[in-house]
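Reader: I'm new to this one. Can you put it up and walk me through?

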Amino acid sequence: MPPTAPGPILRRRRLGTELRRLREQAGLTGDQVIERIGWASASKLSRLENGRSRPDPDDVAALLSLYRAGDGQRDELLAITHEAGDMRGWLRNFPVMTEQQRAFAELEAGCSEISEYNPVLVPGLLQTPGYARHRIVSAARVTEQAGDPEGGEKPETEVRARQARQSLLTRPDAPRYTAVLEEAALGRRAGPPEMLHEQLVHLCELAMLPNVTLHLLLRDTRIGDGYLPPTAFSVYRFADPLDPETLAIEGGFTDVMSTEVNTLNRYKVVFEWLCSAALSASDTLSWLIEGTGRPDTAVESTVTFGPATAPAQRRRDPGRLTTDR
């Protein structure tokens, strides 16, 4: 079972935030710190404060002494330093983990809440092995055609890595998870009917978990004032308010992580718009259940809602949403 404690990436960011705050409280510039400690590289402090390097305990101890940190704070930050550098110990909790999946697994570990949206795919935490395999193999063909020597992992290794991450949703201390699914992710272009049927059944099962809320965005639904989300993204929140809320923007072959508050706030507004425009959790489940009974499993907006569930009335399910947002 994956660890419930935050992974090394989050620990590095937490440590960096605390070190920057202590430096500013001490009234020191980065250049002054480098000069007083005697480091050869001016970028060393910057990498530590931005969580981009594996922290050395001796370096952190030197900074804490310079900043005159109290004993309790010193012990806490040195413990975080150890966690931030213990990549091997953290990965021991996973039976298999690929480089591509590692960054997401680290963010998911220790999460209290995850919000996700993908404009074209079922999010990775919700994918069946068949759906994941289909997507991974198709992406691998692009890599081959591009002549990329870094060919990536074998598909089955990637599938097992994704499955290792997915146990997050069913463990005893599972985070609250909310996802907005696009209709296109379950349409004919996504794959063969038998694969889609299996995926629909799996989504029905996940939608009934107490910590999981799924919203379906139908193809022609208007979002906000006509906004079109261009990329997949996820927002991760943690129980400890000092652990930075983190945004992951998922590209086709490159992912970007950010803790910048203004950027995060924009994506949170977009996610609220998406949830408001999409079907409610209960209507989404009805849509998915109906999809499992279609002969060709082609889920193409064939659900009909009666007067009591007209579009303006069915997009919000207050009883469900108030427990998840």
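Reader: Let's start with R68. Buried or exposed?
Author: R68 is exposed, with a relative accessible area of 77%. Exposed means over 50% relative accessible area, buried means under 20%, and partly exposed is in between (1.4 Å probe, protein chains only).

Reader: Where does R68 lie?
Author: R68 is in the loop between α4 (57-66) and α5 (71-85). Helices (H or I, at least four residues) and strands (E, at least two) are DSSP runs, numbered from the N terminus.

Reader: What about the phi of R68?
Author: R68 is not a glycine, yet its phi is positive, about 55°. Most residues other than glycine have a negative phi.

Reader: What kind of model is this, and how are residues numbered?
Author: It is a predicted model: local features need pLDDT of at least 70, side-chain atom pairs count only at pLDDT 80 or more, and totals for chains, interfaces and linings use all residues. Residues are numbered from 1 along each chain as its sequence is written, and side-chain values use heavy atoms, with hydrogens and water left out.

Reader: OK, the overview. How many helices and strands?
Author: The chain has 14 helices and 6 strands. Of its 325 residues, 48% are buried.

Reader: In what order do the strands sit in the sheet?
Author: The order is β3-β2-β1-β4-β5-β6. The sheet is open and its pairing is mixed. Two strands pair if DSSP finds at least two bridges between them.

Reader: Which strands stand at the edges?
Author: β3 (212-217) and β6 (255-258). Each has a single partner strand, so one side of each is left without a neighbour in the sheet. From one strand to the next, the twist averages 10°.

Reader: And β1, how does it join β2?
Author: β1 (residues 111-118) and β2 (residues 176-182) run parallel, joined by 6 bridges. Y117 stands opposite V180 in β2. β1 also has 6 bridges to β4, and that pair runs antiparallel. There, E116 has S234 of β4 as its bridge partner.

Reader: How many residues of β1 are buried?
Author: 7 of the 8, so β1 is largely enclosed by the rest of the structure.

Reader: Which helix packs on the sheet?
Author: Helix α11 (residues 261-277) does, touching β1, β2, β3, β4 (232-238), β5 (246-250) and β6. Contact means heavy atoms within 4.5 Å. The direction of α11 makes about 110° with that of β4. Axes are lines fitted to C-alpha atoms, for helices over the stretch in contact, and angles run from 0 to 180 degrees between N-to-C directions.

Reader: Helices next. How do α10 and α12 cross?
Author: The axes of α10 (residues 193-207) and α12 (residues 281-292) come within 9 Å and cross at roughly 150°. Among the residues making the contact are H197, L200 and L203 of α10, with L285, W287 and L288 of α12.

Reader: Which residues have the most contacts inside the largest nonpolar core?
Author: L126, Y177, L203, L214, Y236 and W287, in a core of 35 residues. A nonpolar core is a set of buried Ala, Val, Leu, Ile, Met, Phe, Trp, Tyr and Cys residues joined through side-chain atoms within 4.5 Å. The largest share, 7 residues, comes from α10.

Reader: What is L126 in contact with?
Author: Leaving aside neighbours within four places in sequence, its contacts include Y177, L203 and L214. There is also a second, separate core of 16 residues, including L15, L19, L64 and I80.

Reader: New topic: P8. Where is its place?
Author: P8 is in helix α1 (residues 8-25). P8 is buried, with a relative accessible area of 1%. P8 and E106 are 98 residues apart in sequence, and their C-alpha atoms are 6.8 Å apart in space.

Reader: Last one: what does E83 touch?
Author: E83 touches P8 and R11, not counting residues up to four places away in sequence. E83 lies in helix α5 and is partly exposed, with a relative accessible area of 38%.
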